[in-house]
Amino acid sequence: MSAATEHVFIEALSLPTRERASLVRRLLVSLESETGSPEIDAAWKQEALERCAAFDEGKITERDADSLTTTNRVERRADIKEAHGEGKGPGPIESKK
């Protein structure tokens, strides 16, 4: 790592968490635009066409982004707990109504 890169890295570490996250996203986006390839672009185009066709044929349905985000967050938490040996044993106690 060059001295300039190391300096930028150290400066970035001093940023608040949200600003560091924003910087990371922007850097990743900049890499994605550099690494694009005709093969990858063609594969994504084909995937999009197949998903549209499956939707038109009723094989899949739409879901709003909020529900997907919530579902993914819950699944990640469960995966993390399982990886750390948590969450084993009986489930939560349910109240009787």
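Which residue's side chain meets that of Glu 57 in a salt bridge? The partner is Lys 59, with a distance of 3.1 Å from N to O. The model in which this pair occurs is a predicted one.

**Overall make-up**

The protein chain contains four helices and zero strands. Along the sequence the elements follow the pattern α-α-α-α. The chain has 97 residues, and 3% of them count as buried. The accessible surface of the protein chain is about 9300 Å², and carbon and sulfur atoms account for 58% of that area.

Helix H1 covers residues 3-13 and includes Phe 9. This residue, Phe 9, has a relative accessible area of 43%, so it is classed as partly exposed. On the surface, Phe 9 belongs to a nonpolar patch together with Met 1, Ile 10 and Leu 13. The accessible area of these four residues together is about 460 Å².

**Helix H3 and what follows it**

Helix H3 runs over residues 38-56, and its 19 residues should span 27 Å at 1.5 Å a residue. The C-alpha atoms at the ends of H3 are 27 Å apart, which agrees with that expectation. Within H3, Glu 47 and Arg 51 are four residues apart, so about one helical turn separates them. An α-helix has 3.6 residues a turn, so residues three or four places apart point the same way. Glu 47 and Arg 51 form a salt bridge, in which the closest N and O atoms are 2.7 Å apart.

Just after H3, Gly 58 has a positive phi of about 80 degrees. Glu 57 counts as exposed because its relative accessibility is 52%. Lys 59 also counts as exposed, at 64% relative accessibility. A search of the whole structure finds two salt bridges, which are listed here.

| Salt bridge | N to O distance |
|---|---|
| Glu 47 and Arg 51 | 2.7 Å |

Side chains of opposite charge can pair when their charged atoms come close.

Helix H4 covers residues 65-83, and Lys 81 is found in it. At 1.5 Å a residue, the 19 residues of H4 should span 27 Å; the end C-alpha atoms of H4 are 27 Å apart, in agreement. Just after H4, Gly 85 takes a positive phi of about 75 degrees.

Lys 81 is one of the residues in a patch of positive charge on the surface, where it gathers with Arg 73, Arg 76 and Arg 77. The relative accessibility of Lys 81 is 45%, and therefore this residue counts as partly exposed.

Methods:
Residues numbered from 1 in each chain as written. Predicted model: local features only at pLDDT ≥ 70, side-chain atom pairs only at ≥ 80, totals over all residues. Heavy atoms only, no water. Helix = DSSP H or I, 4+ residues; strand = E, 2+ residues; numbered from the N terminus. Buried < 20%, exposed > 50% of the residue type's maximum accessible area, 1.4 Å probe, protein only. Areas by Shrake-Rupley, 256 points an atom, 1.4 Å probe, with all protein chains shown as cover. Expected span 1.5 Å × (residues − 1). Patch = residues over 30% accessible without salt bridge, like charges linked within 9 Å, V, L, I, M, F, W, Y side chains within 5 Å. Lys, Arg positive; Asp, Glu negative; His and termini not counted. Charge placed at Lys NZ, Arg CZ, Asp CG, Glu CD.
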